[in-house]
Amino acid sequence: MMAEAGASGPRLAELLALGRRLWDELEASTEPSSGAPAVQDKVRQGLDALQRAAAMVAQLELFSENEELEEVASADLKYMLLPALLGALTLKQVDLSRRREHLESAREHFLRFLKLCRSYGLGSFQLPPGVSGEEESGSPSAPGDPAQPNLVAMAVSRTAKIERYKQKKELENKLASMSSFVEGGTADEDQIREFYILQIQKWIGTSLEEIESIDQELVILRSRDAARQASAGPRGPSRSARVVMKPFILTRDAAQARVFGAGYPGLPTMTVDDWYEQRRRQGVVSSTHRQGFGEPGSPPCPSAPAGASDEELQKQQQETEEEEDDEEALRKARDWDDWKDTHPRGYGNRHNMG
């Protein structure tokens, strides 16, 4: 296996080194925005280099679930970090329209790294949901009722986070003390092996933290998508599609139309004949319904459409009876207009004033 890795030449090592260097530069970047063109250009370059390196590792079959950690060459250990680095760089993409796709892709990279580490006995940890043998969910499940939190699970999670944080700091201190002579080429094979194993263990903690954050964001995105689909679902006919009838005054004859129309210039008037003719054209009533309209002894509501309910017939009959009182109301209205013409406004309020 070592010979196969060497046969590939420095190309594989160069690709990994390029991806690591770009990742380190992105972590130390002072760019105000992660969406800056310079930042995203490094993300694309890093992903390209690491993906090519991962393809080479798969072709060379450097790692197998059937072998022990001692069987892996010290120089090959660093290639175990490829899935974790791919996941970390995938998260740095800022295309909002593909955010969910990037989250799910990064989660798969981190899970592949954790499975590889556990198969070699590197670290003691529990695989997150979505890994065969742990939980057959395939994806992070939605949280339960927030009003009934699982206090035991929260306490365990908090303790695990604190422990991971302590381990991370210890690993970072060890790596800082070893990096100078390992990268300088003065370290022996045992030191190189320990250095790479420490890096792997550090990224195990990072992967667990990233998956936890990814799962929380995925729950939010899925809830938002579900709400959008629900709001865009099938609805009833919109109000704008309904036929809107303009208000008008229905009079018995043209004389009443002139009187009422004079008092309401903005509201059109219509005689019974005009209204009936309009409804006939609309197909609401037939010509047989016109006979005896408004005449004594005629049906209570001859203009009502066939199949009208009792409530509608009663309403239209009441309107017919009210129309018979229109002449008396018209006379009173004319008398009131005549009185207003000869009496100024507020005339009645001046009586008995000292």
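Colleague: Which residues of α4 are buried?

Modeller: They are L82, P83, A84, L85, L86, G87, A88, L89, T90 and L91. Buried means under 20% relative accessible area, exposed means over 50%, and partly exposed lies in between, with a 1.4 Å probe and protein chains only. Ten of the ten residues of α4 are buried, so α4 is largely enclosed by the rest of the structure. This is a predicted model, where local features need pLDDT of at least 70, side-chain atom pairs count only at pLDDT 80 or more, and totals for chains, interfaces and linings use all residues. Residues are numbered from 1 along each chain as its sequence is written, and side-chain values use heavy atoms, with hydrogens and water left out.

Colleague: How do α4 and α5 pack, and at what angle?

Modeller: Helix α4 covers residues 82–91 and helix α5 covers residues 99–119. Their axes are 7 Å apart, at an angle of about 165 degrees. Axes are lines fitted to C-alpha atoms, for helices over the stretch in contact, and angles run from 0 to 180 degrees between N-to-C directions. α4 and α5 are therefore roughly antiparallel. That label takes angles over 145 degrees; under 35 is roughly parallel, 65 to 115 roughly perpendicular, and the rest oblique.

Colleague: Which residues make the contact between α4 and α5?

Modeller: From α4, P83, A84, L86, G87, A88, T90 and L91. From α5, R99, H102, L103, S105, A106, H109, F110, R112 and F113. Contact means heavy atoms within 4.5 Å. By class, this contact has nine nonpolar, five polar and two charged residues. Ala, Val, Leu, Ile, Met, Phe, Trp, Tyr, Cys and Pro count as nonpolar, Asp, Glu, Lys and Arg as charged, and the others, Gly among them, as polar.

Colleague: And α7, how does α4 cross that?

Modeller: Helix α7 is residues 189–231. The axes of α4 and α7 come within 11 Å and cross at roughly 40 degrees. That makes α4 oblique to α7.

Colleague: Which residues meet there?

Modeller: A84, L85, A88 and L91 in α4 meet W203, S207, E210 and I214 in α7. The classes are six nonpolar, one polar and one charged.

Colleague: Zooming out, how many helices and strands does the chain have?

Modeller: Eleven helices and two strands. Both are DSSP runs numbered from the N terminus: helices are H or I with at least four residues, strands are E with at least two.

Colleague: What share of the chain is buried?

Modeller: Buried residues make up 30% of the 354 residues.
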